[in-house]
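Visitor: I have a structure open and would like to go through it with someone. Can we start with a helix contact and move on from there?

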Amino acid sequence: MLLATVIAIAAIVMISASFVVLRRERNEGLTIDPPDLTDVVDISDVLSGIEVADTDSIVESEPVLDDAPRPSFRDRLAGARSSLSGFLGGIFAGGIDPGTWEALEEALIRADVGVATSTEIMEAVKAKVEAGSVEDAAELPALVKAELVERLSGFDRSLSTDVAAVGGQPGPAVWLFVGVNGVGKTTTIGKLAKREVDAGTKIVLAAGDTFRAAAAEQLTMWAERSDVPIVRGAEGADPSSVVFDAVESANARNADVVLADTAGRLQTKTNLMEELSKVRRVAEKGTGTVTETLLVIDATTGQNGMSQAEQFADAVDVSGVVLTKLDGSAKGGIVVAIHTELGVPVKLVGLGEGINDLVEFDEVEFVDALFE
Amino acid sequence: MSEPSSGEPAGCKAILTDWRRRYPDPNMFETLSDRFDEIFSRLRGRGKLTEADVDDVLREIRLALLEADVNLDVAKNLVGRIRERSVGEELSKALNPAQQVIKIVLEELTTSLGGEAMKITYASKPPTVVLMAGLQGAGKTTNTGKLAQWFKKQGRNPLLVGADLQRPAAVEQLRTLAGQVGVPVFSEPTDPVDVASKAIAEAERTGRDVVIVDTAGRLAIDEALMEQVRQISGQVQPDYTFLVIDAMTGQDAVNTAKAFNDTLELDGVILTKLDGDARGGAALSVKEVVGKPITFASTGEKLDDFETFHPDRLASRILGMGDVETLIEKAEEAFEAEQAEEAAARLMEGTFTLDDFLEQMQQIKKMGPIGNLMGMMPGIPKEARDVEIDDRQIARIEGIIRSMTPAERADPDLIDGSRRQRIAQGAGMQPGDVKNLLDQFTQMRKMMKQFAGFGTKKQNPKNRRGKNNKKGKQKGGRRKGGRVTEKGPAAVPKSPLTLPGLEAGEGLPPGFPSLPNN
């Protein structure tokens, strides 16, 4: 480890030096014109001349569909899926031939299921076809669906508040939300807060994303919508301390669950992943117990979703996945592999921007929607 | 601290461990470049390629592309083109077919990724208007800030426009970023289309020569919101419309890009989150389907982690040849050339002191995270690239060295048990850590010296530089700096890029195969 660092530095020094020299020799005789800065205006002059809208008066117009019925998985997906159904319908008409199998595999790959998982599913269905008496390709979709549903079945998709089940002392349960940047962690917490409040759960929000500009403001707006208390720290504050304070505040208020936001981080950033492990540890330092660690994954994510699931699971012991943005044209097929390879189930699905657009995952509907 | 989670039944860590045991094949998550590395190492040394070989390679290439999230149709096309060229007459003429295939793949990848880098020109009548569009969470707001910083560095005066009135606090986020860059923001809580058109007038009035409009994230299938962004575009008549797309995007990247291109006539793409381990196949897909260049790449969380996209760099990175150009640019920005040369010379000579080491560490820190730098270095075997290099290690190393006296830094042999104790105390570390560092440092020094000796012997024994540092500074330094590169061409004609020191010292497998000159 130390050796690697020492050598890395040495290597970078050598290589950089040689290239700098190389480049300079190459450029000898060349003059590089400095950028034209004649029209640079003093920023402060300009700033003073600009009337910016008063921050406090900004009204956001996010659709808050308080009275809208909770959408069904299938309803929401129907629009996005129509193109797919025609495509698959075409494949499965007629007899089974090698082209059918190829088309089947390709359909799964297009849904981001991934080459390895697609091949596995295809082989499993092939084995069934060979063992049985299936001759009409029209029967294949049902077989594929059954295979997919089977792989996605048997997982506990409930969100636990049972602190005793994980060996915790009485006190608030903590649901920690983790994931890469831009997947929708804050929005998910906002929606989930509303849902839990409606269900009669006492909630406290922890604005643990102290890194991204205005992340705490964003969560605060959600907190106001659901009228739940929020604990936040200064921008750049230690996220662990924010979550710790939120837990203690929840305990004092006798709240049931702390929904803890964290800053988005790419799973390859070791330091940030360590920071996340620390947030999880500190969340349990006082009266709190982490009963759910939810990895938020964007449905548009491709095969990198597997790397995300793996790395986050390593760092914070992920208990479930929230699959967001499934109302778009992306299919979120990577969660199949996350279920089967890591044993981590999808627990919630995000189907839109409205406050009610967060629903339970249902494997039958998910698979149906894939092939409808 | 208690460990409350230990009571959990089969946690996913256990499952993960089990899973890793079941799938020990590290290829599952290797990067595209490693994949090609592997394929090509199999081809290497063969005199001829049979048709079956080509099929083998192509199947692997297709698989690699798909695993990298390249769109299926795009992958098929690319493989088709590679096949055509590989089995064509070009190959029969080739001296070394493996090299030929590598060259073809590299060329096709580069072409697919965009040929030449895009150049931003400015409207003759300011302001130059830039519109940012994309899905939710792609990084539009962050990259609006980064782009502002970029324009500012070009000597321009951007005005940022907060037209994302959808996401709570999006305008707040933009204001914070703008504050960091030092540019103004225009927004008002009305209607995104109004805001955008008023912003242009505002820019004209206040003399801002670039306007960057941040819009709300929207799904490509949301007709109402797509119509809204079309109206914004109609109002502001952008000179550049950028689609912001996440490097981690899967097969759907193509649909998104197509829909936005149909609605907005994109001029370019900003590829974000490239600093992760995403293989970035989405970039290939988007470029291929929409035919618009990837203009910028966002490579980190800081405002400065934003650069002009260079297709050739990503292509060579995909092929495991390192991202040398970026490395050079970073080095040029960070290093005092003379200093670095001197340091490199002393490294090879074995007279590199801990002071030199400390100094060079400071320079390197300016270039960004070490892990990223290693990733850009050519010829670094996968094993070395995979070693996690924690930048906090640097802080620890620094702490130790700074706790030494100048005499100790110049001559580490001085450091005995009691000195070690004192240094450890000063740095807040264990004496063992100090010993470790000194051992590693000595070992590194030896290794580098060996490397230098090896290179000299092989090349030209007389070139071995004299012991006089001062003298070497001017002429010798340059020659020495170049020696690394002189050595390279023996193995790699175009990119002088192998790191024998690493290979020899760590017993690592050889780096990238030799490449033909283009």
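Visitor: Which residues in helix 6 of chain A meet helix 12 of chain A?
Guide: This is a predicted model, to begin with. In helix 6 of chain A they are Leu148(A), Arg151(A) and Leu152(A), and they meet Val336(A), His339(A) and Thr340(A) of helix 12.

Visitor: What classes of residue are in that contact?
Guide: Three are nonpolar, two are polar and one is charged.

Visitor: At what angle do the axes of helix 6 and helix 12 of chain A cross?
Guide: Roughly 50°, and the axes come within 9 Å. Helix 6 covers residues 140-152 and helix 12 covers residues 334-342. The two helices of chain A are therefore oblique to each other.

Visitor: Stepping back, how many helices and strands are in chain A?
Guide: Chain A has 13 helices and eight strands. Of its 372 residues, 51% are buried.

Visitor: And chain B, how many helices and strands there?
Guide: Chain B has 24 helices and eight strands. Buried residues are 52% of its 518 residues.

Visitor: What does Val213(B) touch?
Guide: Setting aside residues up to four places away in sequence, Val213(B) touches Val130(B), Leu131(B), Met132(B), Val161(B), Ala163(B), Ala196(B), Ala199(B), Ile232(B) and Val236(B).

Visitor: Why does Lys449(B) count as partly exposed and not buried?
Guide: Because Lys449(B) has 17 C-beta neighbours inside 10 Å, while a buried residue needs 20 or more.

Visitor: What is Lys449(B) in contact with, beyond its neighbours within four places in sequence?
Guide: Met348(B), Glu349(B) and Gly350(B).

Visitor: How far apart are Lys449(B) and Thr241(B) in space?
Guide: They are 53 Å apart, C-alpha to C-alpha, and 208 residues apart in sequence.

Terms used:
Residues numbered from 1 in each chain as written. Chains lettered and ligands numbered in written order. Predicted model: local features only at pLDDT ≥ 70, side-chain atom pairs only at ≥ 80, totals over all residues. Axes fitted to C-alpha atoms, helices over the stretch in contact; angles between N-to-C directions. Helix = DSSP H or I, 4+ residues; strand = E, 2+ residues; numbered from the N terminus. Parallel < 35°, antiparallel > 145°, perpendicular 65-115°, else oblique. Contact = placed C-beta atoms within 7 Å. Nonpolar A, V, L, I, M, F, W, Y, C, P; charged D, E, K, R; others polar. Buried ≥ 20, exposed ≤ 12 C-beta atoms within 10 Å, placed from the backbone.
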